[in-house]
Amino acid sequence: MTARQPVVIGVGQLSNRATDPSQVMEPLAMMAEVARRAAADAGIGERLREVDELTVINIISRAYADPPGFLAERLGMSPRQRW
């Protein structure tokens with residue numbers, strides 16, 4: 001990162017408290033929705049695809065082989081770096 005590199009910050013939150021098991025969202029779907037909400041909050045909306053780095057903190061109970069890769073795919077992104 002350089003001193004002149006823009007950093008855009010947005011927040012998004014989603015609570016899925018479905019009582020019907022068929023209505024419970026898959027963790028990856030929830031992450032994608034929260035990322036979209038954060039992008040909207042940051043004012044970048046559809047420009048989410050332009051993000052060049054995607055980091056996923058493993059705090060979910062379901063194991064995925066490549067969480068950042070799967071999330072990027074769901075969001076239509078091709079970040080240069082994924083963590």
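## Surface and overall form

The protein chain has an accessible surface of about 6400 Å² (Shrake-Rupley method, 1.4 Å probe), and 51% of this surface belongs to carbon and sulfur atoms. This is a predicted model, in which local features need pLDDT of at least 70 and side-chain atom pairs count only at pLDDT 80 or more, while totals for chains, interfaces and linings use all residues. Residues are numbered from 1 along each chain as its sequence is written, and side-chain values use heavy atoms, with hydrogens and water left out.

Along the principal axes, the C-alpha atoms of the protein chain fill a box of roughly 50 × 30 × 20 Å.

## Helices and strands

Two helices and two strands make up the elements of the protein chain; these are DSSP runs, with helices being H or I of at least four residues and strands E of at least two, numbered from the N terminus. Their pattern along the sequence is α-β-α-β.

## Packing of α1 and α2

Helix α1 (residues 27-42) packs against helix α2 (residues 67-75) at an angle of about 60°, with the axes 10 Å apart.

Leu28, Ala29, Met31, Ala32, Ala35 and Arg36 of α1 meet Pro67, Phe70, Leu71, Arg74 and Leu75 of α2, where contact means heavy atoms within 4.5 Å. By class, this contact of α1 with α2 has nine nonpolar, no polar and two charged residues; Ala, Val, Leu, Ile, Met, Phe, Trp, Tyr, Cys and Pro count as nonpolar, Asp, Glu, Lys and Arg as charged, and the others, Gly among them, as polar.

Technical notes. Axes fitted to C-alpha atoms, helices over the stretch in contact; angles between N-to-C directions.
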